[in-house]
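I am opening my notebook on a structure that is new to me, and I will write down what I looked up, entry by entry.

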Amino acid sequence: MPLDTTAIRRQFPIFREEHPPIYLDSAAMGQKPANVIDAMDTYYQLAASNVHRGMYALADEATNHYEAGREAARAFIAARHRDEIVFTKGATESINLVAKTWGKVNLRKGDAVVLSILEHHSNIVPWLQLKEDIGISLRWIDMEDDGSLRMGDLDVALQDGKVKLVSVTGLSNVLGTLPSLSQIIERARQANALTLVDASQLIAHRPIDVIKLDCDFLAFSGHKLFGPTGIGVLYARSPLLSKMPPFLGGGGMVQRVTREEFRPADPPAKFEAGTPPIAEAIGLKAAIEWFTQHPWKGIEAHEHALLAHAIEKLKQISGLNILGPASADKIAGCVSFTIEGVHPHDLTDILGQAGICLRAGHHCAQPLHERLGIGASTRLSVSLYNTPEEIDRCAEEIRCAIAKLKK
Amino acid sequence: MDLYAESILDHAHHPFCKGPMKHPTVSHEESNASCGDSLELRLLIKGKRMHDIRWEGEGCAVSQAAMSMLAGHLKGMTVEKAAHLPPRFVFDLLKVPIGPRRTKCALLCLHALKNALRKLDGEPAQSWTETIGN
């Protein structure tokens, strides 16, 4: 059953506007359906209270709502226990949490972490910080020109037993390519290395089952899943969370504090110091409920058709070079390109004036752009609310912009 | 008024003073990390004046056109005056409204100029806040 895009769009206030934008930037931020906004609004209007330790009904309600958000996130990625879901402020914080807690106690000078060339800065900089702080080394999995990872690089990296963690994206935020997570995780496990999956992009485009994947850590953000900003998830296996030291210190993450010492709370509270993102957890739950109404098959088929259409239209534009495989069968979520003699910022500025939202720049993936031999690219990303007509308008405006910039 | 007015595209396509310089008094490179625009400015200074100016760079039409326009006005200018040029000077040359998202594109040339002159004086580079704010 194909997705009913008209019905889907009606649920988004922004698309009910008289002149809605042509929004092709969902890889950066998903739009918000009304039920997400309403759920958060209701909490702020009628149920605002802090979680835990309030001996009144509102506080109970806030705690229940917050924990229901955790349960929704757990079910969405098929984790075993709710305690394996740590709320953070986004995927960036989730990865930093692993680097700054697990990394701090488990990595020594000379140990190595493997990354792929596709990584977003959020899965590079925390490890570069450990390189500076501890003296770990980073080993990189390069790619073929079509964006597929060179698995041989991983094998070589794993040979000497110094690799303690392999941390890779599930979906490139630039090329849209999908590394073979199962293969990577299996090989890492054979070499006794842990694995972290940056699912920031993958989360809204493919179903995720952390048990089947067999990864040790997985990170994603709420805002790319049609939920609010300011909330993210770190999934980690229970035994790992139990042994990791706390992250930030403060209220909520302790069992007992004296003038001399503190005893941390059990996970996940141990990693959630301070007042947590309560409204955001409520919004995330609403977003997951909204999103999971739609069958994965329908979402994947719709987005595949949109990307195939976009690639076909873009290929017809002279001087335009698609980065990566240029085949909808090999990507998900987004496709990026450059145009000879046209800087991405000039292009997207002109598109923006026509109400068409595309992102330009290095998309926080400078090593990848360096590998591609370019400074910046333009990215077109799709979601279940986009239509082929929007792609047509975009392609038309790209032609106009080129004519204008090259005249 | 259109950001991509003819004059901006003309400068972007046919820039002034773009090219190498063999023995500059000072040369300095600045880039906008977020978009990959970069400019390298080379100044030949004689008697406290800008005797010659050359630059190389790549990036969006706004950053390249602004550099070209600014370069055309620097020749003969005193170092003292150049060091105190306000952002308004560049905006007036561009003659089109520059919104917040393109401010750094437009002022990359000024940022490079200010920091080239600070380098000449042995002073630490100024921040973007200082370039945009003064």
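Before the helices, I note how axes are drawn here: they are lines fitted to C-alpha atoms, for helices over the stretch in contact, with angles running from 0 to 180 degrees between N-to-C directions. I also note that this is a predicted model, in which local features need pLDDT of at least 70 and side-chain atom pairs count only at pLDDT 80 or more, while totals for chains, interfaces and linings use all residues. Residues are numbered from 1 along each chain as its sequence is written, chains are lettered from A in the order in which they are written, and side-chain values use heavy atoms, leaving out hydrogens and water.

**Two helices of chain B**

I looked up helix α4 (residues 87-94) and helix α5 (residues 103-120) of chain B, whose axes come within 10 Å and cross at roughly 110°; helices here are DSSP runs (H or I, at least four residues) and strands likewise (E, at least two), numbered from the N terminus. That angle makes α4(B) roughly perpendicular to α5(B), a term covering 65 to 115 degrees. Taking contact as heavy atoms within 4.5 Å, I find B:Pro87, B:Val90, B:Phe91 and B:Leu94 on α4(B) meeting B:Thr103, B:Ala106, B:Leu107, B:Cys109 and B:Leu110 on α5(B).

**The two domains of chain A**

The domain assignment, which is automatic or from a database, divides chain A into domain 1 (5-29 + 296-406) and domain 2 (37-291). I noted that their C-alpha centres lie 28 Å apart, and that the contact takes 37 residues from domain 1 and 34 residues from domain 2. Between them the two domains of chain A bury about 2900 Å², 63% of it on carbon and sulfur atoms, where buried area is the accessible area (1.4 Å probe) that two parts lose on being put together, summed over both. Which residues of domain 1 lose the most area to domain 2 of chain A? They are A:Trp296, A:Leu368 and A:Arg371, together 23% of what that side buries.

**Chain B against chain A**

Turning to the chains, I see 16 residues of chain B in contact with 15 residues of chain A. The two chains bury about 1200 Å² between them, with 47% of it on carbon and sulfur atoms. On the chain B side, B:Tyr4, B:Leu9 and B:Cys35 lose the most area to chain A, together 36% of what that side buries.

**Backbone details in chain A**

I found a cis peptide bond joining A:Pro267 and A:Pro268, with omega about 0°, and A:Pro268 sits in the loop between β10 (262-264) and α10 (278-291). I also recorded that A:Ala326, although not a glycine, has a positive phi of about 50°; A:Ala326 lies in the loop between β11 (320-322) and β12 (334-339).

Note on methods: Angles under 35 degrees count as roughly parallel, over 145 as roughly antiparallel, 65 to 115 as roughly perpendicular and the rest as oblique.
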